[in-house]
Amino acid sequence: MVGGFLGAGKTTTVARLARHYMDEGRRVGLVTNDQATDLVDTFALRAAGFAVGEVPGACFCCNFDRLMSVLESLQQSESPDVIIAEPVGSCTDVMATVIQPLREMHGDQYQLAPLTVLLKPEHGRRILGGQARAGFSPKAAYIFMKQIEEADIVAINKLDKLSDTERAELIGLVRERFPEKQVLAVSARCGDGFARLTRLLAREGAAPDTFMKVDYNIYADGEAELGWLNSQISFQSRADTPFPIDQLVQQLVAALAEQLETLDVETAHVKALGQHQQVVSIANLVARGEPVELSHAAQVSVPQAQLILNARVATSPNELESSVDEAVRAVAATLHLESRVEQIQCFRPGRPTPTYRRENPFG
Ligand SMILES: Nc1nc2c(ncn2[C@@H]2O[C@H](COP(=O)(O)OP(=O)(O)OP(=O)(O)O)[C@@H](O)[C@H]2O)c(=O)[nH]1
Ligand SMILES: [Mg+2]
């Protein structure tokens, strides 16, 4: 299981690991997860040719049975040697609520690898460094820290965009707080550190002696601080003249970032996937003030596009929804497109109520 905060690079890591195992001749199945339906991650990983099962509508821990049924269907359709699962980025306590129950109830079928948690540098430096303006409230920062606390392996991601000083600072901050942890730095984008990561993942994850303590009130409040929006929007050229799909996704995320800036709120992750037939383009924003990235470029023009937008932002669902509305309108006007919102779900995540929680591994 590859965890870590929203926008830490989990899906990018999952794709790189999947390719690695497939190159070794192993069969791979992936599992994505979200609080709602219409997941950019599922679509992106399927478009990249991977076999993907999906647990939508609740995190793995709160819908353990659905996770098990998705794992069973993957077994039937793909008979994978390796399964890589990505829990929701605002989720923690997965060791006690997912990994240990899986080990105890289905240990005859699955061997569990060490839990890898990616550290997102954009928020990690501020949160671990204890900066006053860390971007999120202390309750949301609590989730970030708990994710690292329960990791078997902490992988500081996005090494390619860190200077040597920043890298050393982050490793130092993790070691200071969690001296026992296995820490490494990786780049899911470029592959640095992955030889070491896959060596560590080849070991069997050990059942912990004790599970970490989690205050579910703080966890629930921290998660509910985020407005969550999943939407499907169609765009059509007004004059049937093709338009560059990369520009559509990039400009939409940039327009939304501009709206959110006026609200003075922090972004955890905004991702937009534009699709037309086999063409796919993806743009991301991983923190306030960061540049919008085109993480998957299509470099073609299309007459129409279906867009999936997933946004997790520290603001109310209403404000998030109107910001998205404004952004869609602005981009449609600039690119001379008709737009139509086909689906929209916008909410604050509810209190996590795990199906199983092991208080004590021997209990
Ligand atoms: N520079 C750099 N960017 C990265 C790296 N890994 C991921 N990213 C970028 O970070 C953004 C988020 O990556 P994802 O893989 O979607 O992150 P995630 O953790 O799956 O996000 P959620 O599922 O929304 O929680 C994308 O723009 C990626 O291209 C990396 O190693 N280096
Ligand atoms: Mg993801």
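Buried, in my notes, means under 20% relative accessible area, exposed means over 50%, and partly exposed is in between (1.4 Å probe, protein chains only). I am working on a predicted model, where local features need pLDDT of at least 70, side-chain atom pairs count only at pLDDT 80 or more, and totals for chains, interfaces and linings use all residues. Residues are numbered from 1 along each chain as its sequence is written, chains are lettered from A and ligands numbered from 1 in the order in which they are written, and side-chain values use heavy atoms, with hydrogens and water left out.

**Metal site**

I started with the magnesium ion (ligand 2). Its protein donors are Thr11 (OG1), Asp41 (OD) and Glu86 (OE), at 2.1 to 2.2 Å. Donors here are N, O and S atoms within 2.8 Å of the metal (3.2 Å for Na, K and Ca); water is not among the atoms, so sites may look incomplete. Along the chain, the donors follow the spacing T-x29-D-x44-E. Threonine 11 sits in helix α1 (residues 10-23) and glutamate 86 in the loop between β4 (82-85) and α4 (94-106), so this pair ties together parts 75 residues apart in sequence. For helices (H or I, at least four residues) and strands (E, at least two) I use DSSP runs, numbered from the N terminus. I looked up the cover too: glutamate 86 is buried at 8% relative accessibility, and threonine 11 is buried at 16%.

**Whole chain**

I count 11 helices and 15 strands in the protein chain. The C-alpha atoms fill a box of roughly 65 × 50 × 40 Å along the principal axes. Buried residues make up 56% of the 363. With contact meaning heavy atoms within 4.5 Å, I find that 78% of the contacts with a separation of 6 or more are between residues 24 or more positions apart.

Which residues of α5 are buried? I get Pro121, Glu122, His123, Gly124, Arg126, Ile127 and Leu128, which is seven of the eight residues in this helix (121-128). Their cover includes β5 (116-119), α6 (138-149), α7 and β10 (267-276). Just after α5, glycine 130 takes a positive phi of about 70°.

Next I checked leucine 170 in α7 (residues 164-177). Leucine 170 is buried at 0% relative accessibility. Not counting residues up to four places away in sequence, leucine 170 touches Leu119, Pro121, Gly124, Arg125, Ile156 and Leu162.

In α8 (residues 194-201) I picked threonine 198, which counts as buried at 13%. Leaving aside neighbours within four places in sequence, threonine 198 is in contact with Leu17, His20 and Tyr21.

**Positive phi**

Most residues other than glycine have a negative phi. I noted serine 79, with a positive phi near 30°. Serine 79 is in the loop between α3 (64-78) and β4, and is partly exposed at 43% relative accessible area. Aspartate 264 is not a glycine either, and has a positive phi of about 65°. I found aspartate 264 in the loop between α10 (245-263) and β10.
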